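Keep the 3D view at hand as you read.

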Amino acid sequence: DVKVTQSSRYLVKRTGEKVFLECVQDMDHENMFWYRQDPGLGLRLIYFSYDVKMKEKGDIPEGYSVSREKKERFSLILESASTNQTSMYLCASSPPSEAGGPVFGPGTRLTVL
Amino acid sequence: AQSVTQLGSHVSVSEGALVLLRCNYSSSVPPYLFWYVQYPNQGLQLLLKYTSAATLVKGINGFEAEFKKSETSFHLTKPSAHMSDAAEYFCAVTRGYAGNNRKLIWGLGTSLAVNP
């Protein structure tokens, strides 16, 4: 069963901490994405990667960075967590063709205190 | 620029009734369109997609959607709602501009409640 896995389902961190969210896919997809989901705001793209070591800013990259050293793994980094980064974080991957809709992981609910 | 509008952030139906969730889009290029479902505390799951083949698309769990170019719509329907259909539903369209046609633009979602 092909899937996207995320390192944590729930995470609680303190303001100012450096936070790593990990995502792994086993479908050999070129594209990987990080979204955040907030009530009333839908899904907003944080960063996108279309190849190893390649990344592109999404709609809300401020306060975040990403790393993709291997094709199957895409990490989201909060350099200094703030309370306004409390959210649901969703990782997804997709094949290169635009006809391939993304496959999502289960999400990480991050709370920053 | 591409955009997606989902009419109705909350929809409530009775069990056994027709489900209709509305999605309208704007796109300067032929779009690909998607419907996803999200159950509580889970990620999103693909329900169905339109990729310029048949305009009536059948998906999982008895859902279907019809692409209507003249109306720029891609509404999601199910003839008979089941309690297990209660979830959040998202419509999405490909961005379509050169070099970025792999990213999607998302609607804000419609929360479907099914009443016994």
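β5(B) is the main contributor to the lining of the second largest pocket, giving three residues; strands here are DSSP E runs of at least two residues, numbered from the N terminus. This is a predicted model, in which local features need pLDDT of at least 70 and side-chain atom pairs count only at pLDDT 80 or more, while totals for chains, interfaces and linings use all residues. Residues are numbered from 1 along each chain as its sequence is written, chains are lettered from A and ligands numbered from 1 in the order in which they are written, and side-chain values use heavy atoms, without hydrogens and water.

A pocket is an open set of points on a 1 Å grid over the protein atoms alone where a 1.4 Å probe fits, with protein on both sides within 12 Å along at least five of seven lines; lining residues have an atom within 4 Å of a point. The second largest pocket has a volume of about 260 Å³, counted as the space filled by probe spheres set on points joined across faces, edges and corners. Among its 14 lining residues, Val103(A), Phe104(A), Leu44(B), Gln45(B) and Leu46(B) lie closest to the centre.

Now turn to the largest pocket, with about 400 Å³ of space. Its 21 lining residues come closest to the centre at Gln37(A), Pro39(A), Gln38(B), Glu88(B) and Phe90(B). Here β9(B) gives the most, with three residues.

Finally, look at Leu76(B): beyond its neighbours within four places in sequence, its contacts (heavy atoms within 4.5 Å) include Trp35(B), Leu48(B) and Tyr89(B).

Note on methods
Helix = DSSP H or I, 4+ residues; strand = E, 2+ residues; numbered from the N terminus.
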